[in-house]
Amino acid sequence: MTDQEAFLDERRRARRFFNRMSPLYLIVERHLFPQYRDVLARLALSPELSVLDLAAGTGLLAGAFAERGHTVAGLDFAYKLLNRARKRFPGVYFRYLDLRHLDRIESGAYDLVSMGYFLHGLSPEFRRFILWETARIARTNVLIFDYGCDGGLFIRFIEWIEGPNYPLFIAEDRERELGKAGLRIDREERVSDFGSYWLCTPPSRRSASSAHGAREELAASE
Ligand SMILES: C[S@@+](CC[C@H](N)C(=O)[O-])C[C@H]1O[C@@H](n2cnc3c(N)ncnc32)[C@H](O)[C@@H]1O
């Protein structure tokens with residue numbers, strides 16, 4: 001199998017995993033939705049900021065933003081989760097997109113780009129691509145929720161079912177990784193036993209060649 005076939009196969013497995021896990025997602029929702037709402041209440045970002053939520057799933061983070069008056073769009077490729085999101089948060093515009101194609105979204109198209117528990121499931125190359133594209137699309141802020149440390153045996157097991165990338169994600173120095181995409185961490189906080197968020201500022205001016213470099217790197221790994 002070539003690198004490209006392996007990459008696409010991994011993406012297909014991820015989509016199948018999330019579609020199949022959709023009924024179990026109710027348990028995750030009970031834990032995550034209050035967490036997202038609490039953090040957004042503490043951050044008190046201006047509701048004027050438009051938001052693009054990547055890997056929106058059932059729409060919890062997108063919905064938490066919408067509740068606070070933001071105009072929000074959410075992207076995902078698991079249609080079962082998206083259907084639930086649309087029913088639950090009708091005020092959010094949810095769209096099907098495989099985020100491998102995030103480069104189709106215009107630079108500076110949204111004030112804030114967010115993502116909840118998405119990055120840890122990606123290969124290091126795909127993460128780099130997503131972070132570069134995120135920094136390109138976001139005008140003022142990037143908000144990332146994910147594992148801030150290892151969640152222990154049970155989480156390791158769940159993440160092992162999802163794919164091979166969780167241990168690599170945990171081992172990575174987050175500030176370094178975000179910094180490489182030009183994202184400066186302004187605020188970072190632990191929000192549960194293993195969950196954290198990072199509120200970042202994207203570079204106001206990005207050299208087009210650097211973004212191009214990350215895209216080339218992803219293409220080479222595909
Ligand atoms: C752990 S879930 C998190 C969902 C949501 N952000 C939340 O916090 O509840 C990860 C999400 O990433 C989505 N995802 C993974 N790879 C993707 C890709 N290549 N394109 C679009 N969505 C993707 C999955 O479909 C799933 O909804």
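I began with Ile 130. Setting aside neighbours within four places in sequence, I find Ile 130 in contact with Leu 99, Leu 102, Leu 119 and Leu 122 (contact: C-beta atoms, placed from the backbone, within 7 Å).

A note on what I am reading: this is a predicted model, where local features need pLDDT of at least 70, side-chain atom pairs count only at pLDDT 80 or more, and totals for chains, interfaces and linings use all residues. Residues are numbered from 1 along each chain as its sequence is written.

Next I looked up the largest nonpolar core, and it has 51 residues (a core is a set of buried Ala, Val, Leu, Ile, Met, Phe, Trp, Tyr and Cys residues joined through C-beta atoms within 7 Å). Ile 130 is listed among those with the most contacts inside this core, along with Leu 54, Leu 61, Ala 62, Val 113 and Val 142. Helix α5, residues 124-137, gives the most to this core, with 7 residues (helices are DSSP runs of H or I, at least four residues, numbered from the N terminus).

I stayed with α5. Its 14 residues reach 20 Å from first C-alpha to last, close to the expected 20 Å (1.5 Å times one less than the number of residues). Of these 14 residues, 11 are buried, so α5 is largely enclosed by the rest of the structure (buried: 20 or more other C-beta atoms within 10 Å of the residue's own, C-beta atoms being placed from the backbone). Among the buried ones I noted Phe 126, Trp 132 and Arg 136.

Last, the ligand. I find 21 residues around it, and the closest are Ala 55, Gly 57, Ala 78, Leu 99 and Gly 116 (C-beta atom, placed from the backbone, within 6 Å). Helix α1 supplies the largest share of this shell, 3 residues.

Definitions and conventions:
Helix = DSSP H or I, 4+ residues; strand = E, 2+ residues; numbered from the N terminus. Buried ≥ 20, exposed ≤ 12 C-beta atoms within 10 Å, placed from the backbone. Contact = placed C-beta atoms within 7 Å.
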